[in-house]
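Dear colleague,

I am passing on the structure we spoke about, and I would be glad if you could look it over alongside the notes below.

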Amino acid sequence: MSSPSGPVVKKAEPSRPDAGHMPMSEELDSARWSLPPVVPVLVAAAVLALLLGTYLVSSRKPPTSSGSAVRVVALPLHIESKGSISPGANGTLDQNVEKSDSLLVNLDLDVKNAIGKPMYIKGIQAKLVTEKGEFNDDAAPASDYEHILQAYPQLAIPESKPFQAESSIPANVDQRGLAIFSFPVSRDEWDKRKSLRASINFYDHAPLVIDATQAASVAEATLPTKVTK
């Protein structure tokens, strides 16, 4: 006669790990939570930095031109006129006399073509920064240069000719030239100027900016005020 069988004991199923309660030791020991090796990451970063540096150096183009301001001659003009067609249009009106101030500046510039082919001048501009504000002007046409010097011979700079728009500077050549500008400022505003810069604009090349502030600071740069009635 068979003995009665005892109660059947079920084996407990293994519990599934809870990702939110993963023991710290298991997190660190588990391969799926391990960090990537440090050496390959450093090598990859170094290679990337080398490639980036090589690209930046190879893509950096040398300047196509350089230049400096050789001399600056400034002529402040204080004009008083009784016969103005439209009194007060260009200045202040005091007892039927129109008074206005302006400034003529002749820049003697030295420009070097640093490439192996001619560079063509599109135009020349100047910017004068004073306490009153910023003033921009295009250089007077080279064809007007002689007429300006006839009216204001004090502006003349010997042994130099004006730059001409649409002209060229030969390859690898230093070329000097003049450019005359006019600004609506007084003698006092000019004396307190902050900066003076000229921009040589070329076709197919970046502009050349020349700082003429220091050249304009020499004692003989500014001529006595001319009064016209």
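This is a predicted model: local features need pLDDT of at least 70, side-chain atom pairs count only at pLDDT 80 or more; totals for chains, interfaces and linings use all residues.

I begin with aspartate 110, which is found in strand β3, a strand covering residues 97-113. This aspartate is buried yet has no salt bridge, and the nearest side chain of opposite charge, that of arginine 176, is 6.0 Å away; a salt bridge would need the charged atoms to lie within 4 Å. Leaving aside residues up to four places away in sequence, aspartate 110 touches Ser66, Gly67, Ser68, Val70, Asp174, Gln175, Arg176 and Ile210, so that Arg176 is listed among its contacts although no salt bridge is formed.

Serine 102 also lies in strand β3, and it counts as buried because its relative accessible area is 18%, where the cut-off is under 20%. Beyond its neighbours in sequence, serine 102 touches Leu75, Pro76, Leu77, Phe183, Pro184 and Val185.

The largest pocket has a volume of about 180 Å³. It is lined by 18 residues, of which Ala139, Ala140, Pro141, Phe163 and Ala165 are the closest to its centre. The elements that give two or more residues to this lining are β4 (119-130), α3 (145-151) and β7 (174-183), and β4 gives the most, with 4 residues. By class, the lining comprises 14 nonpolar, 2 polar and 2 charged residues.

With best wishes

Conventions. Residues are numbered from 1 along each chain as its sequence is written. Side-chain values use heavy atoms; hydrogens and water are left out. Buried means under 20% relative accessible area, exposed over 50%, partly exposed in between (1.4 Å probe, protein chains only). Lys and Arg count as positive and Asp and Glu as negative; His and the chain ends are not counted. Contact means heavy atoms within 4.5 Å. On a 1 Å grid over the protein atoms alone, a cavity is a set of points where a 1.4 Å probe fits but cannot get out, and a pocket is an open set with protein on both sides within 12 Å along at least five of seven lines; lining residues have an atom within 4 Å of a point. Grid points are joined across faces, edges and corners, and a volume is the space filled by probe spheres set on the points. Ala, Val, Leu, Ile, Met, Phe, Trp, Tyr, Cys and Pro count as nonpolar, Asp, Glu, Lys and Arg as charged, and the others, Gly among them, as polar.
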